[in-house]
Amino acid sequence: MIEGTGTERERERSGNGNGGHAKPKGSSIVSAMPRIDAPELEDYPWFPAHLRVAMTGFLRVASEVVGLSALAAPLVLRAMERAGTSHIVDLCSGGGGPVLSLLARMKKHHGLAPTVTLTDLYPNEDAFRRAEREAPGSVTGLCESVSATQVPEALAGVRTIFNLSLIHI
């Protein structure tokens, strides 16, 4: 799911008959699949941090190998156009996912240079700093915890969620 504004909780509360996905006022939502209500062990505070880092690192590499950025780029571009923004707020970023290759693709194929804020419930500061080093001025990792179900209004921009974190939608 990619959206311009609003939160997942707002969509859940509205129950508009769209699989629980309402369009908050002023938003642009593109949903590729219905919500899957399943727990992720790494989202619990007791889950060992070193395993969480390993899992999200694997997902980052896997997203690059399967070319997720090529699939996501047209959707993200469309959402950015509809929302009138060049900023992306990536929720559930984990190890950074396909964000760096997404930025490179947008620049190479579309001449765009959006900025991205990486967020996560359990931020991987090392991965966020790596992404910031690889894309200086384009990527910022937010080291405060951000739940995909309670995104602060101050985090404005097109919201993206990649990888298996889609179950948060």
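**Fold and confidence**

The structure is a predicted model. Its chain has five helices and five strands. Along the sequence, these elements run β-α-α-α-β-α-β-α-β-β. The chain has 169 residues, and 44% of them count as buried. Among contacts with a separation of 6 or more, 71% join residues 24 or more positions apart.

The average pLDDT of the chain is 77. A score of at least 70 is reached by 72% of the residues. Residues 1–25 score below 50. In the model, this stretch still has 70 contacts beyond near neighbours in sequence.

**Helix H5**

Helix H5 spans residues 125–134. Which of its residues are buried? They include Ala 127, Phe 128, Arg 130 and Ala 131. These four lie on the same side of H5, because they cover an arc of only 160 degrees around the axis. Asp 126 and Arg 133 sit on the other side of H5, and both are exposed.

**Salt bridges**

How many salt bridges does the count give? The count comes to two. Both are set out below.

| Glu 132 and Arg 129 | 2.8 Å | three residues apart, about one helical turn |

In H5, Glu 132 and Arg 129 are three residues apart, so about one helical turn separates them.

Arg 129 has 29% relative accessibility, so it counts as partly exposed. Arg 130 has 19% relative accessibility. That value falls under the 20% cut-off for buried residues, so Arg 130 counts as buried.

**The loop between H1 and H2**

Tyr 44 lies in the loop between helix H1 (8–14) and helix H2 (49–65). Its relative accessibility is 36%, so Tyr 44 counts as partly exposed. Tyr 44 also belongs to a nonpolar surface patch. Leu 41 and Trp 46 make up the patch with it. The patch area is about 360 Å². Patch residues need over 30% relative accessible area, and Tyr 44 has 36%.

**The loop between S2 and H4**

Cys 92 is found in the loop between strand S2 (87–91) and helix H4 (99–110). What is its phi? The angle is positive, at about 55 degrees, although Cys 92 is not a glycine. Is Cys 92 buried or exposed? Its relative accessibility is 19%, so Cys 92 counts as buried.

Terms used. Residues are numbered from 1 along each chain as its sequence is written. This is a predicted model: local features need pLDDT of at least 70, side-chain atom pairs count only at pLDDT 80 or more; totals for chains, interfaces and linings use all residues. Side-chain values use heavy atoms; hydrogens and water are left out. Helices (H or I, at least four residues) and strands (E, at least two) are DSSP runs, numbered from the N terminus. Buried means under 20% relative accessible area, exposed over 50%, partly exposed in between (1.4 Å probe, protein chains only). Contact means heavy atoms within 4.5 Å. The arc is that of the directions from the helix axis to the C-beta atoms. pLDDT is the predictor's confidence in each residue, from 0 to 100. Patches are made of residues with over 30% relative accessible area and no salt bridge: like charges are joined within 9 Å, nonpolar side chains (Val, Leu, Ile, Met, Phe, Trp, Tyr) within 5 Å. Accessible areas come from the Shrake-Rupley method with a 1.4 Å probe; for residues, only the protein chains shown count as cover. A salt bridge is a side-chain nitrogen of Lys or Arg within 4 Å of a carboxyl oxygen of Asp or Glu.
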